[in-house]
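Dear colleague,

Please find below the structure that I am handing over to you.

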Amino acid sequence: MAAAAVVDCAMEVVPALAEEAASEVVGFSCLVNLPGEVLEYILCCSSLTATDIGRVSSTCRRLRELCQSSGKVWKEQFRVRWPSLMKHYSPTDYVNWLEEYKVRQKAGLEARKIVASFSKRFFSEHVPCNGFSDIENLEGPEIFFEDELVCILNMEGRKALTWKYYAKKILYYLRQQKILNNLKAFLQQPDDYESYLEGAVYIDQYCNPLSDISLKDIQAQIDSIVELVCKTLRSINSRHPSLAFKAGGFSLITEIELQSQVLDAINYVLYDQLKFKGNRMDYYNALNLYMHQVLIRRTGIPISMSLLYLTIARQLGVPLEPVNFPSHFLLRWCQGAEGAALDIFDYIYIDAFGKGKQLTVKECEYLIGQHVTAALYGVVNVKKVLQRMVGNLLSLGKREGIDQSYQLLRDSLDLYLAMYPDQVQLLLLQARLYFHLGIWPEKVLDILQHIQTLDPGQHGAVGYLVQHTLEHIERKKEEVGVEVKLRSDEKHRDVCFSIGLIMKHKRYGYNCVIYGWDPTCMMGHEWIRNMNVHSLPHGHHQPFYNVLVEDGSCRYAAQENLEYNVEPQEISHPDVGRYFSEFTGTHYIPNAELEIRYPEDLEFVYETVQNIYIAKKENVE
């Protein structure tokens, strides 16, 4: 069959061969007599599988030589199957493509095996903490494992939602670990290593590990801005020395007048031509701190806009420096003579957030509405700049309301503690956060032990958390089988809706999908009082439903407040895949773990959807 497949490909490539190929045997005989380049071209046909190539290579010596493991045929098989991996190979490297194919295929099978196991093992946990140790012990290149996870995420359609959910969790973890290691190595550079942009990109990558962000791409975008600045600069001064600078190099311009021309050109290109601006309307948005988003949206906050401005200026020979000014990050531009004793009045301060406006010391203080000491006008190193950026993310993470996983807070804590691992208060915040979310109990104990070593005075808070974390671990050990809820049970007779149905809240108008229900409200008295449940006509003595809401929140809604959504739509919620395997267009199908807990609900869903369809049809008629 493999030979027949090759003959078919050959006849497509060389039509004249079809006249001679009266049979498969004759056709194959004609095939092997073709010139080597033509035969190799045929064997690289995309319709041939690895199995075809393997079998064909065993038919005769000539084909075996053409299908050698390091040759073009197996390279093409690898490229067609996994095109995104080719960027990791140099054209000059010797590669055993057959072996690479086998290793990648094995990594893919292992990845799928692990992803498939996560739902059963970690369904009840928001973060599958213990499962990540399995991944760290995998054999073979990590890039192969990551590539398979990306393939799962890119699966078409509305199916395999649970696979995608856990593939995303695993990929998020793997990439963050790699980025964090790179950041720690970066922070070991000497203080005079001033790649502010590189550090900012690591922060961006860590908070957005599933996005395709690289220093190379961001630098390329900045280089294109530099080209526009050079074009403007040429119209100002065609002999300006910056125009002779080579990309990637670093030279300095010493004359203030020439530096001023560069800054004028930057201001024109950034703010007038490209319309960059400080984001005053949506200041407290984490996107303002991610360099790739600053370039896409052309807006940011003082520190991110300053880093962009500084990078452009330095590439053109103007040695601007970052100033960790309170409440408003600035850049400073030296006006004094080289080698002279300078003070804060020998600098002009640049507000990149404010369209590159140049400020005096007095104007800087007017900007923030307070007098500050001379020390706050000083230059800061890369680590301090990154500390300020991460500190801003940390503040935003503490403000999170909708995201119940507190992902931004967790990420910013990781980054801050990577730079300053002995910050007791942040370690305590991290331990409390993990405890609140019910994740990483063993890691919580390690953090608490580290806090106790650093500051024995924290024994009260540490002791409380240690006690309750140990109790949590013991409860997990004592957990028995899952609770199964049957719609046919008499105590559930008042439950009208089922898991997987798309609903609408009558009062607040949000769309949601049901992923759990209780015959009566199971929340505590305090929650019932705070949510004013007693004001409902049926109070707490009615079914309540766990719902995933389109805004990303999870809520607990009374039955009387919900109604069927007659125009169902997908619910964009990060946890949909945790509970459901597929969206059919009218409802969600529970995954195996959720169906175990609500084994009779799917039948009711089908019945409900059918009734809605019939009712809509009657209304149309």
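**Salt bridges in the model**

Arg 597 is buried, at a relative accessible area of 15% (buried means under 20% relative accessible area, exposed over 50%, and partly exposed in between, with a 1.4 Å probe and protein chains only). This is a predicted model, in which local features need pLDDT of at least 70 and side-chain atom pairs count only at pLDDT 80 or more, while totals for chains, interfaces and linings use all residues. Residues are numbered from 1 along each chain as its sequence is written, and side-chain values use heavy atoms, with hydrogens and water left out.

Arg 597 forms a salt bridge with Glu 593, with 3.8 Å between the closest N and O atoms (a salt bridge is a side-chain nitrogen of Lys or Arg within 4 Å of a carboxyl oxygen of Asp or Glu). Glu 593 is also buried, at 12% relative accessibility.

In total, the structure holds 14 salt bridges. One of them joins the side chains of Arg 158 and Glu 570, at 3.3 Å from N to O. Arg 158 lies in the loop between helices H10 (142-153) and H11 (161-187), and Glu 570 in the loop between strand S11 (562-564) and helix H24 (576-579), so the pair ties together parts that are 412 residues apart in sequence. Arg 158 is partly exposed at 39%, and Glu 570 is partly exposed at 41%.

Yours sincerely

Conventions. Helix = DSSP H or I, 4+ residues; strand = E, 2+ residues; numbered from the N terminus.
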